[in-house]
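Please consult the sequence and the structure shown below.

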Amino acid sequence: MNILYDLYISITEEECGKEYWTEHLIGTFKTKEEAITAMKEAMSEGRPFSIPECEPRIHEVELIGEIMDGNSVYRFLGYNQEGEMIESPYYAEKDTAIQAFLMKKKNTPKQGWCLNTYKLG
């Protein structure tokens with residue numbers, strides 16, 4: 001099974017007098033080592049995520065197919081009727097991602113869907 005690595009950094013933010021956690025996707029990487037390097041850079045002194053309250057998370061996500069040319073992968077997101085997020089694996093080929101996206105969209109009651117392109121690194 002092929003795996004990609006998403007790097008997220010969470011931070012407490014304040015809006016209208018209320019604090020809440022927001023999670024930022026920093027990037028998607030081919031190796032865990034690349035994700036760790038990016039995490040160290042994003043959290044280094046003088047960077048936006050250098051404050052102690054930031055919490056990094058590296059999440060493994062399945063990759064369908066093989067990345068042959070280029071550095072882009074595809075993934076779709078949606079919400080079911082209960083408001084729960086549905087996230088697909090990553091797809092190496094756009095046509096395969098579109099087919100899976102249309103099938104999931106057809107078979108799952110939803111509120112909103114999107115098909116995204118992610119540049120690796």
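**Cysteines**

Cys114 is partly exposed, at 31% relative accessibility, whereas Cys54 is buried, with a relative accessible area of 6%. Buried denotes under 20% relative accessible area, exposed over 50%, and partly exposed in between, with a 1.4 Å probe and protein chains only. The model is predicted: local features need pLDDT of at least 70, side-chain atom pairs count only at pLDDT 80 or more, and totals for chains, interfaces and linings use all residues. Residues are numbered from 1 along each chain as its sequence is written, and side-chain values use heavy atoms, with hydrogens and water left out.

- Zero disulfides (pairs of cysteine sulfur atoms within 2.5 Å) are found in a search of the whole structure.

- Asp6 lies in strand E1 (residues 2–15) and is buried, at 0% relative accessibility; strands (E, at least two residues) are DSSP runs, numbered from the N terminus.
- The Asp6 side chain makes polar contacts with the side chains of Tyr90 (2.6 Å) and Thr28 (2.8 Å). A polar contact is a pair of N or O atoms within 3.5 Å; within protein, one must be able to donate a hydrogen and the other to accept it, and residues adjacent in sequence count only if both atoms are side-chain atoms.
- Beyond four places in sequence, the contacts of Asp6 (heavy atoms within 4.5 Å) include Arg57, His59 and Arg75.

**Strand pairing**

- E1 and strand E3 (residues 55–64) run antiparallel, joined by nine bridges; pairing requires at least two bridges found by DSSP. Ile9 stands opposite Pro56 of E3.
- E3 and strand E6 (residues 90–91) run parallel, joined by two bridges, and Ile64 has Tyr91 in E6 as its bridge partner.

Note on methods
Helices (H or I, at least four residues) and strands (E, at least two) are DSSP runs, numbered from the N terminus.
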